[in-house]
Amino acid sequence: MKTVILIPARYASTRYPGKPLAELTLPSGEKKSLIRLSWEAAQRVNGVAEVHVVTDDDRIADHAKDFGASVIMTSPEAENGTARCAEALRNGQVEADLIVNLQGDAPLTPEWFVEDLIAAMKDDAEAQVATPVLQCDPLTYGHFVEDRKAGRVGGTTAVFNAKGHALYFSKEVLPYIDPEKVPESDIPVYHHVGCYAYRPDALAAYTSWGVSQLEVLEGLEQLRFLVNDTKVRCVEVEGKGRVFWELNNPEDVDRINSVLKDL
């Protein structure tokens, strides 16, 4: 099964313009951009034939080429990363049995998250799309709650059925837990990791469906699949002591830098 990783990146982020070029600090003191760290994370994944940065912005493209990345240019009309990946597939710029979308704002994604995702797609014939989910530890759950109290849109939570197929994704913290009843461990909240694997037919169908009301309200592209009755497998992955967080807001730079210091 030929697997290709695409890293969609756009400059005009509403919450954080220029986000892919934001610099993070490594333990050595060296600074690297968000998109470069995401590309380097993709390079560590086993069983992948190709890795490409997918963008419509020359600034991102030029920077990516400078550090050695392959770049696929797409139109500025793509409304999200999944649509950008679909355009690359539609235009014949990508040929694969499985396309992985490793979002460019998730440089802390461990390689085994993606490897588990690929393995799950091999084993689950029903699933047309898959995405990793990580059970929240107290620190991550605290970040979720802190962001919502401050009126910030932070990470995404996932709710799924007994087969692991998604029921819903939300920017709210789901399921709701009474603050006085939050357990000290085994918190029943799952953090959706910013990564997807698509079978080509599902990815090709995505742009034909049009934008759904739920994805507009939540700002979550994957809800279009659920609205159109496409099975999305939530693959539970292990943190192995690694704290995972995406760069959604400028405040997240310090959070990610603090994690990088411990790697």
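A residue counts as buried here when its relative accessible area is under 20%, as exposed when that area is over 50%, and as partly exposed in between (1.4 Å probe, protein chains only). The model is a predicted one, so to speak of local features takes a pLDDT of at least 70 and side-chain atom pairs count only at pLDDT 80 or more, while totals for chains, interfaces and linings use all residues. Residues are numbered from 1 along each chain as its sequence is written, and side-chain values use heavy atoms, with hydrogens and water left out.

Overall, the protein chain has nine helices and twelve strands; helices (H or I, at least four residues) and strands (E, at least two) are DSSP runs numbered from the N terminus. Of its 263 residues, 55% count as buried. Taking contacts (heavy atoms within 4.5 Å) between residues at least 6 apart in sequence, 71% join residues at least 24 apart.

Twelve salt bridges turn up in the structure, each a side-chain nitrogen of Lys or Arg within 4 Å of a carboxyl oxygen of Asp or Glu. One of them pairs Glu 50 with Lys 2, with 3.2 Å between the closest N and O atoms. Glu 50 sits in strand S4 (residues 50–55) and Lys 2 in the segment before strand S1 (3–9), so this pair ties together parts 48 residues apart in sequence. Both ends are partly exposed, Glu 50 at 28% relative accessibility and Lys 2 at 33%.

Back to Glu 40: its salt bridge is with Arg 36, at 3.1 Å between the closest N and O atoms. The two share helix H1 (residues 34–43) and sit four residues apart, about one turn of the helix. Arg 36 is partly exposed, with a relative accessible area of 28%. Lys 32 joins in as well, linked with Arg 36 and Glu 40 in a network of salt bridges.

Arg 233 and Asp 124 also meet in a salt bridge (3.1 Å, N to O). Since Arg 233 is in strand S12 (residues 232–236) and Asp 124 in the loop between helix H4 (111–123) and strand S7 (129–135), the pair ties together parts 109 residues apart in sequence. Asp 124 is buried, at 9% relative accessible area, and Arg 233 is partly exposed, at 22%.

Then there is a hairpin formed by S8 and S9, with five residues between the strands. Gly 164, in the turn, has a positive phi of about 85 degrees.

Note on methods:
Two strands pair if DSSP finds at least two bridges between them.
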